[in-house]
Amino acid sequence: MKKTPLNQVHRELGARMVDFGGWDMPVQYAGVIEEHLAVRQAAGLFDVSHMGEIEVSGAEALAFIQSLTINDASQLVDGQVQYSALCYPEGGVVDDVTLYRFSATRYLFCVNASNTDKDFAWMEQVLAAANFPTVTLINCSAAYAQLALQGPKAQEILAGLTELSLDEIVYYHFRQGEVAGVPMIVSRTGYTGEDGFELYLPAEAAVAVWQRLMAAGAPLGLQPIGLGARDTLRLEKGYALYGHELSRDISPLEAGLAWITKLDKGEFVGKAALVTQKEIGVPRRRVGLLMEERGIPREGYPVFAGERQVGVVTSGTMSPSLKVGIALALVEPQSAAVATVLEVAVRERRMRARVVRLPFVK
């Protein structure tokens, strides 16, 4: 399995390690619930160095990105981040990504770990089929470590280790500067729904920066956080996860990402299929389900309206914040309205669930 630069640190902390898409990653340290609540109430530090980074540069970088992604990258200014996705011609999703603009001729994609090689190959394929001779693609994932510092006390912790004015880094923007004496990208983004930062730094500096952050944050309740709590945190906020709410067979319109699907911009891969899907109506919609009986909905559990199956759970858990079962599901449009009462088959027993407006936790 692949290992991040912090692998030994996780083991010394007693983390339970798992195979996550070919990476040896910590799923938990003290326990999922404790770690989850630490992020909601104080702060948590995540090793997300398995994520991929792909740089796009050249005079035609923006034109290429516009042809590749579903969002409108022309709206970005230097130092801004955009959530977007790459689609296949049929309208399914290659991956969901964040896009960083450094200048008109330099951008950086952050992509999902298990998709990095696939995404890079897809970008090369799209580039080869287009006419953007000045564009250069570099898979620079191995050069980066990535740490996510998340929670209401994240800024207070980070402020003691940097001279950057963190107040000036607004949501979905970034700056370049030093943290703990190490040059890096400091981005006000995250996957938890809490305030916080994602730090892109040289891989060789990962251990030193992790230790400095943990030392600075310990008096404020900072804890190391594993993949288990990362999943429950994102699920409480209703965030899509590739392979669950997004895939080659699930379009961004079905997944509730119409807000990043800019059909009024120029041509991009998948546009024609998405325009058609919008015109005829999506066959499924992503919804949030709140259990009204005591049960934990899990991925793959069928969803019923009466005696008819109308969908399937794509992600589910017991919410540590709400102490009730929650799920994301793909259901038929006629069963997607807020307040609709459905049933989830939990271990062969059907249990009531209500469609609710996302996020589950505000």
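A nonpolar core is a set of buried Ala, Val, Leu, Ile, Met, Phe, Trp, Tyr and Cys residues joined through side-chain atoms within 4.5 Å, where buried means under 20% relative accessible area, exposed means over 50%, and partly exposed lies in between, with a 1.4 Å probe and protein chains only. The model described here is predicted, and its local features need pLDDT of at least 70, while side-chain atom pairs count only at pLDDT 80 or more and totals for chains, interfaces and linings use all residues. Residues are numbered from 1 along each chain as its sequence is written, and side-chain values use heavy atoms, leaving out hydrogens and water.

The largest nonpolar core has 37 residues, and among those with the most contacts inside it are Phe46, Tyr100 and Leu274. Its largest share, 4 residues, comes from β5, a strand (a DSSP run of E, at least two residues, whereas helices are runs of H or I of at least four, both numbered from the N terminus). Leu274 touches, not counting residues up to four places away in sequence, several residues including Ile70, Cys87 and Phe268, where contact means heavy atoms within 4.5 Å.

A disulfide is a covalent bond between the sulfur atoms of two cysteines. With the cut-off for such a pair set at sulfur atoms within 2.5 Å, a search of the whole structure finds 0 disulfides. The table shows two of the cysteines.

| Cysteine | Relative accessibility | Closest cysteine sulfur |
|---|---|---|
| Cys87 | 0%, buried | Cys110, 18 Å |
| Cys110 | 4%, buried | Cys140, 10 Å |

The sulfur of Cys87 is too far from that of Cys110 for a bond, and the sulfur of Cys110 is likewise too far from that of Cys140.
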